[in-house]
Amino acid sequence: KALTKKDKNVLRVNAFSLSSNGKPLIQNLSFDIADGHVLSIMGPSGIGKSSLLNFLSGTLAPSFTASGEAFLNGDALHTKPTEMRKVGLLQQMPLLFPHMSIIENLLFALPDKTRKPDRLVLAHDALKRLGMTDKANSLPKELSGGQQARVALLRTLLSQPHYLLLDEPFSKLDPALRRDVRAFVLAEIRQANIPALLVTHDSEDAKAMEGECLELRK
């Protein structure tokens, strides 16, 4: 679709194809994701969903060959090294630093340019949004799975990414928690107003993101 000023931060993928050791996996995939929206991509294991995310973050394994282009706000991503892409990644495991308290985990994510007096304010605001001000000095292992997942998302968003990649981030949560965490993730993506791409096996995950869903087939 045509870019308008309103959704300038569109994440756009053009003609993405992927093969592994000469075996084609994904062919000619194109899509756009506007600010504050989540596109879900579903498909069986081994089809290359996570490798699409790796292509977008600049971390594709050498055993894969990819072609195609990716743009954010008209700016080419596929030619940039990972550290220049300003990408946020959320995975199955929350990957919080186990030896750091929750507040330290959040502070660690803030960009270096953030002024010192602002750092604690931003981290404490994040804890408030999580409803977890009493957990500031807890270690990750003292939190429930759902709490860890929420902290991991806010830590990612505190790094001020320009787009977000979600690699099955709900798959380890039990069903009731999963509903709550999905709703929290969607609300935070809308508030951050950045484009997000979710890959999942689960149609309920895709539905909960209230956006378009593409299905990849072998």
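Trainee: Which residues are exposed on the other side of H3?

Mentor: Those are Pro117 and Lys128. Exposed means over 50% relative accessible area, buried means under 20%, and partly exposed is anything in between, using a 1.4 Å probe and protein chains only. Before we go on, please keep in mind that this is a predicted model, in which local features need pLDDT of at least 70 and side-chain atom pairs count only at pLDDT 80 or more, while totals for chains, interfaces and linings use all residues. Residues are numbered from 1 along each chain as its sequence is written, and side-chain values use heavy atoms, with hydrogens and water left out.

Let's start with the helix itself. Helices (H or I, at least four residues) and strands (E, at least two) are DSSP runs, numbered from the N terminus. H3 covers residues 116–130, and its 15 residues should span 21 Å at 1.5 Å a residue; the end C-alpha atoms are 22 Å apart, which agrees. That expected span is 1.5 Å times one less than the number of residues.

Now turn to the buried residues of H3, which are Arg119, Ala123, Ala126, Leu127 and Leu130. They cover an arc of only 100 degrees around the axis, so they lie on the same side of the helix. The arc is taken from the directions that run from the helix axis to the C-beta atoms. What do these buried residues pack against? They meet helix H2 (102–109), helix H4 (145–158) and helix H5 (175–192).

Leaving aside neighbours within four places in sequence, leucine 106 is in contact (heavy atoms within 4.5 Å) with Ala123, Ala126, Leu127, Val151, Leu154, Arg155 and Leu158.

Leu106 and Leu127 also belong to the largest nonpolar core, which has 35 residues. A nonpolar core is a set of buried Ala, Val, Leu, Ile, Met, Phe, Trp, Tyr and Cys residues joined through side-chain atoms within 4.5 Å. Along with Val38, Val151, Leu164 and Leu166, these two touch the most other members. At least two residues of this core come from each of H2, H3, H4, strand S7 (163–167), H5 and strand S8 (196–200). H4 gives the most, with seven residues. Apart from this core lies another one of 24 residues, including Leu11, Phe16, Leu29 and Val199. In soluble globular proteins, nonpolar side chains tend to be buried together.

Not counting residues up to four places away in sequence, alanine 152 touches Leu90, Pro94 and Leu96. Alanine 152 and proline 169 are 17 residues apart in sequence, and their C-alpha atoms are 9.9 Å apart in space.

Finally, look at H5, another partner of H3. H5 lies across S3, S7 and S8, running at about 165 degrees to S7. Such angles run from 0 to 180 degrees between N-to-C directions, with axes fitted to C-alpha atoms, for helices over the stretch in contact. S3, S7 and S8 sit in an open sheet of five strands, in the order S6-S7-S8-S3-S9, with parallel pairing. Two strands pair if DSSP finds at least two bridges between them.
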